[in-house]
2 protein chains.
Amino acid sequence: MTRRGRALKVGILGGMGPAATADFYTKLVRSTPAVTDQDHVPVVIWADPTIPDRTAALLGQGPDPSPWLEQGAHALVLAGAELLAIPCNTAHAFLDTVRSAASPVHVLDMVAETAAEVARLQPGATVGVLATTGTLKAELYQHALAGRGLTPLVPDDTTQLGVMSAIRHVKAGGDLAEARQLTAPALQSLYRSGATAVVAACTEIPLLLQSSDVVDATAVLARAVVRRALADVRAIEGNPCH
Amino acid sequence: MTRRGRALKVGILGGMGPAATADFYTKLVRSTPAVTDQDHVPVVIWADPTIPDRTAALLGQGPDPSPWLEQGAHALVLAGAELLAIPCNTAHAFLDTVRSAASPVHVLDMVAETAAEVARLQPGATVGVLATTGTLKAELYQHALAGRGLTPLVPDDTTQLGVMSAIRHVKAGGDLAEARQLTAPALQSLYRSGATAVVAACTEIPLLLQSSDVVDATAVLARAVVRRALADVRAIEGNPCH
């Protein structure tokens, strides 16, 4: 494969958490149709794990992460990024802030991309959401799924505590089998309550659950990035990237 | 764990190849003693896979990648990096160029770190080198290992062709089992010729070989980065990072 079109330089506003950013970048590389290094998408990653906890901020229990997100967006644009992605679902509660900071560079919406993918695969479905308590409280997926004609379903407060513990467990580099057990009650109750799909709507979740069990929002975002970044390449070469 | 010291911001000059950079970042995250996101090292990654092939340049068959490496080093320093790492062994043939471009920011030497680690684990050993043909031609590991009192051993020209094919296979996102088979003759002949350790001296190699079979230069660099980046934190907190 020889390419003549130029891929966009992708800026990744990451570090939320770091393992999730590494997972996202790995999925981005794997989603890219490439034969040599030079076929891949140029990427700049800003991974500042000192960004204050997004869920704590959304629950009114911690500082607003906006200044950190703005600083990251500015740094990525300064480094030449032509398209931005944020591999953290909870941070999408602050998407408008990032978009203002990155303007006129486009910032992809992971939540909207994921809702669109689920609607394409299972129109009208009832869809469970495994996410941080911050993402649930901000109703990011509830609105995005409903906007696509899907019925969102969230865990009850007790099983949600298990999901949040599992997420913290992954962030702490803890045992993944243990984290998996912590999410099991929520996953089971969502399916038992009628969900026909469950979205891994926190980027730590795919690190512990099989992709066969959930729709992986991280992978959806990775594919969206590759599609957009190579749009120009495809137009020239008929690149089979989808 | 509460920390008071500040971690250095790490710049990663990557994209050579992208999967190897993702692997390096994953290992860096896993090497970090952390309980929350905020305990992790801030990282900026410049992954420009359009950097011309390093081996081709060293064999006089392709353009000099120096301008691309300089551009990346400048971008990382501009983004505030206080310590640089290059997760590509072959690119270390151009280490002086990167160091000049990044000055006064320190650039870690993956080859020197790895030779030091092998010398610590197996003083005086005979050490096999699985690397690109460019790395071998530049004699990066031959010099570094000899400088530490170790005896370097490289594959013969025929088995080296298999190693280079395996590396290209990984860069192309090919089947890893097949790539593993391509390196098997070199690995076996190095051990048969008296090597008691073999260094995975190309960042694509650990993607296909078990860490029990080789000394993983990527992991060595990741640990060196964490050690340096958290040096100040350790001084204050007695952090157990090693």
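The side chains of A:Glu113 and A:Arg227 meet in a salt bridge at 3.5 Å, N to O, the term denoting a side-chain nitrogen of Lys or Arg within 4 Å of a carboxyl oxygen of Asp or Glu. The model is predicted: local features need pLDDT of at least 70, side-chain atom pairs count only at pLDDT 80 or more, and totals for chains, interfaces and linings use all residues. Residues are numbered from 1 along each chain as its sequence is written, chains are lettered from A, and side-chain values use heavy atoms, without hydrogens and water.

**Domains**
- Chain A is divided into domain 1 (10–109 + 220–237) and domain 2 (111–217), with bounds from an automatic or database domain assignment.
- The centres of the two domains, taken over C-alpha atoms, are 20 Å apart.
- Domain 1 of chain A brings 23 residues to the contact and domain 2 of chain A brings 25 residues, where contact means heavy atoms within 4.5 Å.

**Buried area**
- About 1800 Å² is buried between the two domains, with 53% from carbon and sulfur atoms; this is the accessible area (1.4 Å probe) that two parts lose on being put together, summed over both.
- A:Asn89, A:Asp109 and A:Val220 lose the most area on the domain 1 side, together 35% of what that side buries.

- Three salt bridges are counted between domain 1 of chain A and domain 2 of chain A.
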